[in-house]
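Welcome! Take a moment to look over the sequence and the model shown here, and then let us walk through some of their features together.

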Amino acid sequence: MGSGATIGAIEDVYRRRYPRFLRVARAALGDEDRARDAVQETFARAIRSRFDFRGEGSLEGWIWRTLVNVCADDRRAALPQTETELPSNGHPAEWPEVRAAVAALPERQRLALFLRHYADLDYEAIATALGVQRGTVAATLHAAHESLRRTLPEVQQ
Amino acid sequence: MIDVQQVLESLVPERGAEFGDWDEVLARAGVGRAEPAAPPKAPRRGVIAALVVVAAIAVPALVAAVLSRTNVIFSDSKPAPNVVKKQFADLGFGSPPRFALGVQAAKAREVGTFTIHGRRRSVWVAPTSHGGFCTLFEAGFGGCAARASDRHILNVNYEEGSPRGTWVSAVGGWVITRAARARLELAYADGSSDELPYIHVSPPIAAGFFWFDVPKGHSDKRSRAVALYVKDGTGRTLATQRFAYEPRRPIHVGPMPKAPAYVPRALPARSDVPPSAPIQRGIGDGVSLTAGANGVVLFDTTRIDADAAALLGSSVGYSCFKLVHEFGIFDARGLGFGGRLAPTVALRIFGLPHPWDGCEIQGSYGHLWPDRNGSHSPVEIALTDKGRRYFADRAAARDLALFVRTAKMQRIRKLTGSALVRGLAPYPIVRLASSDASPPLGKIGYAPSADGVTFVERSPTGRRFVVEVRSRRIVRKNLEPYAFVF
């Protein structure tokens, strides 16, 4: 693909992947309304800056990266600053220590986990989304799993 | 053993198919449906009927949302003019540090226009360094949600349409909600309502702004505005502002009671906190001054000149100022306190960045032309050369302003020809050969023209102040910020 993306191509990603974007945003922001707002803002931002897309990776990866930035902006704007709280799924007693352990992960590790497991992205797309090298993704995911295993000895990879 | 995948599935479980709201994305992005979308996949036959039903319900709601909300990208908006940026810079001036608004005036932008008091006018917005914003409605009001913690859903200012406050004639303010289809609804006592348009501005502002001139048909008790609601796309109320019409007692006009004698308050003689380095010192008209970088300033009037003390009387104003050039506009930013003249006074002035250019003590007497002290304040203490020039320029500008705006001169300056010359004859001013000429120092000059007159005065610094009257109106003046004419 050449320089720039069309609104139609962005819409195609939106229509095919909306549930995945929403799920990652819910995980990243811990709030349903903020997550919905973040996804809308992500695609609006993608449209506004569509001519900045240079076709160096996949369009979807570029939009994932936008979502990561929008979520980061949202967290910065939300005061008072709080640790990211993962949604409770309506069962507060379920996995409280696991939820705390995931929330305590460094941001990049947490996002890599979410993108891998909730969006089913491959390492290449995660690398684009997080703005890191492909090899860094593998190391980041490994570190996240290790961290969870150390915190929660019963977790297996 | 627990599997990571299992853990994550449990934390944020997958939901059924969701479609989002693409039209709302387009509205946010500020684009219409100009470019064709990618070819849609053929829907399964079973869901076609359901989609048709959803569309029938969703389309009217979408149209309403799009009509009432205009999305604006802050960074793409037109920068505010310098005079407006200066107004933003002046907001919150003088606040103690912990209350400082942190307005980023240089980033102010015009985000849209509204009909305000019957005319199309602008609304400007500037972000703050605390994650909030300030706004100015042209010919309306201004306000701030300077901190993220100030970001309440609805902030409303309103104007009353009558002196008795019997109806609301205009509402304006801002709305902050994440609900993409939020609506503003102004409800009237007769059960009707208006949906108010608003301009939603993208981050870092992330707020919607509105102004609405209430139609005159809603000016009586039975039909006046009673509440403003913020509602989400489902009609759920997110915030409410009600308009309370408290009965007001009519103002009784009778003989004025004799006012008690005014006693100026005593100001502190000493400060618990000493002036901090670097310290500025100055002396003027027998008053010595010490000003610290922490805003603590000490006035010592024990050796004040007798003439200055006589002019001042007992009720005075102590103030200090800094000369600034902001956005190409020159201004003297000053702050001070009023109180009783005392041998020593210690004040703390917040929000006036050091170094200062001067301080002064002003009396509470009225200023007539010619002024008793040559249009200077009784006590002027320059702390810099700029401050010294400012005092000289201000005296010349004030002298000219006081002359031009006297009640008699308001009439005379509207004359022309020989009537004008006759009207000005009794005054100790000099006639100039042309409006470009300058009078001697300390004198006001005037140059008649076919349809008016130009008044001129010079300052010892070389500055030349002018007030030009044509066809009975002031068409040119350069006295601000030193003085004002009208």
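What follows is a short tour of selected helices, sheets and loops.

Please keep in mind from the start that this is a predicted model.

**A helix in chain A**

Let us begin with helix 2 of chain A, which covers residues 32-48. With 17 residues, helix 2 of chain A reaches 24 Å from its first C-alpha to its last, close to the 24 Å expected at 1.5 Å a residue.

Is this helix enclosed or open? Of the 17 residues in helix 2 of chain A, 12 are buried, so the helix is largely enclosed by the rest of the structure. Among the buried residues are Ala35(A), Ala38(A), Val39(A), Phe43(A), Ala44(A) and Ile47(A). The list also includes Arg34(A), Asp37(A), Gln40(A), Glu41(A) and Thr42(A).

The N-terminal end of helix 2 of chain A has a cap, Asp31(A). A side-chain oxygen of Asp31(A) lies 2.8 Å from the backbone nitrogen of Arg34(A), and Arg34(A) is itself one of the buried residues of the helix.

Helix 2 of chain A also meets a helix of the other chain. The axes of helix 2 of chain A and helix 2 of chain B (residues 22-29) come within 8 Å and cross at roughly 55 degrees. Oblique angles are those that count as neither roughly parallel, roughly antiparallel nor roughly perpendicular, and the two helices are therefore oblique to each other. The crossing of helix 2 of chain A with helix 2 of chain B is right-handed.

**A five-stranded sheet in chain B**

Now let us turn to chain B. Here an open sheet of 5 strands has the order 24-25-26-27-28, with mixed pairing. Strand 24 (430-431) and strand 28 (473-477) stand at the edges of this sheet, each with a single partner strand, so one side of each is left without a neighbour in the sheet.

Strand 26 is mostly covered, with 6 of its 7 residues buried. How does strand 26 pair with strand 25? Strand 25 of chain B (residues 444-449) and strand 26 pair in the antiparallel sense over 6 bridges, and Gly445(B) has Val456(B) as its bridge partner in strand 26. These two strands form a hairpin with 2 residues between them.

Strand 26 of chain B is also joined by 7 bridges to strand 27 (residues 464-470), and this pair runs antiparallel. Across this pair, Gly452(B) stands opposite Arg470(B). The hairpin of strand 26 and strand 27 has 5 residues between the strands, and there Gly462(B) takes a positive phi near 105 degrees.

**A four-stranded sheet in chain B**

Another open sheet of chain B has 4 strands in the order 11-10-14-15, with antiparallel pairing. Its edge strands are strand 11 (193-196) and strand 15 (237-242), each pairing on one side only. Neighbouring strands of this sheet are turned by 20 degrees against each other on average, direction ignored. Strand 14 of chain B (residues 225-231) pairs with strand 15 in the antiparallel sense over 5 bridges.

**Details in the loops**

|---|---|---|
| Pro203(B) and Pro204(B) | about 10 degrees | between strand 12 (198-201) and strand 13 (207-213) |
| His354(B) and Pro355(B) | about -5 degrees | between strand 21 (344-348) and strand 22 (358-363) |

Which way does phi point for Ser375(B), positive or negative? Phi of Ser375(B) is near 65 degrees, a positive value in a residue other than glycine. Ser375(B) sits in the loop between strand 22 and strand 23 (379-382) of chain B. With a relative accessible area of 4%, Ser375(B) is buried, as buried means under 20%.

Ser471(B) likewise is not a glycine and has a positive phi, of about 50 degrees. Its loop runs between strand 27 and strand 28 of chain B.

**A contact across the sequence**

Our last stop is Leu311(B), in helix 5 (residues 306-312) of chain B. Leu311(B) counts as buried at 14% relative accessibility. Although 52 residues separate Leu311(B) and Gly363(B) in sequence, they are 6.8 Å apart in space, C-alpha to C-alpha.

Note on methods
Residues numbered from 1 in each chain as written. Chains lettered and ligands numbered in written order. Predicted model: local features only at pLDDT ≥ 70, side-chain atom pairs only at ≥ 80, totals over all residues. Heavy atoms only, no water. Buried < 20%, exposed > 50% of the residue type's maximum accessible area, 1.4 Å probe, protein only. Pairing = 2+ DSSP bridges. Expected span 1.5 Å × (residues − 1). Polar contact = N/O pair within 3.5 Å; in protein donor to acceptor, adjacent residues only side chain to side chain. Axes fitted to C-alpha atoms, helices over the stretch in contact; angles between N-to-C directions. Parallel < 35°, antiparallel > 145°, perpendicular 65-115°, else oblique. Left-handed = near helix turned anticlockwise from the far one by under 90°.
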